[in-house]
Amino acid sequence: MDNVSAHSPELNPLLEQFTPSAKNALKRAVLVKEETQDLNKSTTTADNRKKQKMDDMSSGSDSDYAKYWIDWFLETKGNEYYCEIDEEYILDRFNLTGLNVEVQQYYAEALDMITDNLDEERFDEKARDQIERAARHLYGLIHARFVITTRGLAKMLDKYKKAEFGRCPRVLCNMQSLLPVGLSDIPVTKTVKLYCPRCEDIYNPKSSRHASIDGAYFGTSFPHMLFQVHPNYLPTKSTERYEPRIFGFKIHQIAEQHRWQDRAREEYQQKLLKAKEQEQEK
Ligand SMILES: [Zn+2]
């Protein structure tokens, strides 16, 4: 715990809500970080890079390449659920502790790609593809951590207010805005689902592009953390329930009628039987 709090005060309030195993995982992550610190080579400051980028753009290079990698990634179709991770967050290496274990191949290059520091000329096409894939995976993993920080929650809340994650398909939820949620925090286990805070149920995303996103890029805690921090956005629970009816009668009323009819028939038959017996006795 001391180890962790010494590194990032931002994580402390969140740590209180973590399970002991999650705390241990974080501590482990910190240790891993200390062991692999020299792996992270220093990057130029954000300002320098922005200046560099502006120079690139004015030199009239291909627009795809002139864009920041993150901007390009966020604008790619199917990536609408992601928010923009603050550059400062990515550049603070503490926030990335342990992720080099998740992205074993081309970790440093993927990070350079995300932060627009990669000299792509150094790699052949195949390697560039692999770095690209590693960069997408790394962005997702950082995203899962970022969205439960104060800044990340605020960015995702904005998207929620605009219903960018879609609306609950349940009629009685009255177009309630949804939030992405993971069913596992372990990558490549379950795809992302959409959580409705009104009916407290989860749904599959409508688009297949969204439906194939890794749920671990959002995490199991994210929507619940959001309403802990912003309880005023929690909708009132829906108590309204749909009642199945046949010709206007509730199904259970009909079942009750059927049971009454059965009972009446049985009683009538017994009455008849008794009457017959009494007749025979006479
Ligand atoms: Zn709902």
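Mentor: In this predicted model, helices H9 and H10 pack at an angle of about 75 degrees, and their axes lie 8 Å apart. An angle from 65 to 115 degrees counts as roughly perpendicular, so H9 is roughly perpendicular to H10. On the H9 side, the contact consists of Tyr107, Glu109, Ala110, Leu111, Met113 and Ile114. These residues meet Ile131, Glu132, Ala134, Ala135, Leu138 and Tyr139 in H10. Sorted by class, the contact of H9 with H10 comprises 10 nonpolar residues and two charged residues, with no polar ones.

The burial of H9 belongs beside this contact. The helix spans residues 107-114, and six of its eight residues are buried, so H9 is largely enclosed by the rest of the structure. The buried residues are Tyr107, Glu109, Ala110, Leu111, Met113 and Ile114. Their packing partners include H10 (125-146), and also helix H6 (69-75), helix H7 (87-91) and helix H8 (99-102). Just after H9, the backbone at Asp116 takes a positive phi of about 60 degrees.

Helix H11, residues 150-161, packs with helix H13, residues 222-229, at an angle of about 95 degrees, with the two axes 10 Å apart. H11 and H13 are therefore roughly perpendicular to each other. Here Leu153, Met156 and Leu157 in H11 meet Met225, Leu226 and Val229 in H13. The residues of this contact divide into six nonpolar, no polar and no charged.

Strands also deserve a place in the account. Three of them form an open sheet in the order S1-S2-S3, with antiparallel pairing. Strand S1 (179-181) and strand S3 (201-203) stand at the edges with a single partner strand each, so one side of each is left without a neighbour in the sheet. Neighbouring strands of the sheet are turned by 45 degrees against each other on average, direction ignored. Strand S2, residues 193-196, runs antiparallel to S3 and is joined to that strand by three bridges. Within this pairing, Leu194 stands opposite Tyr203 in S3.

To return to the helix of the request: H9 is largely enclosed, as six of its eight residues are buried, and H9 packs with H10 at about 75 degrees.

Technical notes. Residues numbered from 1 in each chain as written. Predicted model: local features only at pLDDT ≥ 70, side-chain atom pairs only at ≥ 80, totals over all residues. Pairing = 2+ DSSP bridges. Helix = DSSP H or I, 4+ residues; strand = E, 2+ residues; numbered from the N terminus. Axes fitted to C-alpha atoms, helices over the stretch in contact; angles between N-to-C directions. Parallel < 35°, antiparallel > 145°, perpendicular 65-115°, else oblique. Contact = placed C-beta atoms within 7 Å. Nonpolar A, V, L, I, M, F, W, Y, C, P; charged D, E, K, R; others polar. Buried ≥ 20, exposed ≤ 12 C-beta atoms within 10 Å, placed from the backbone.
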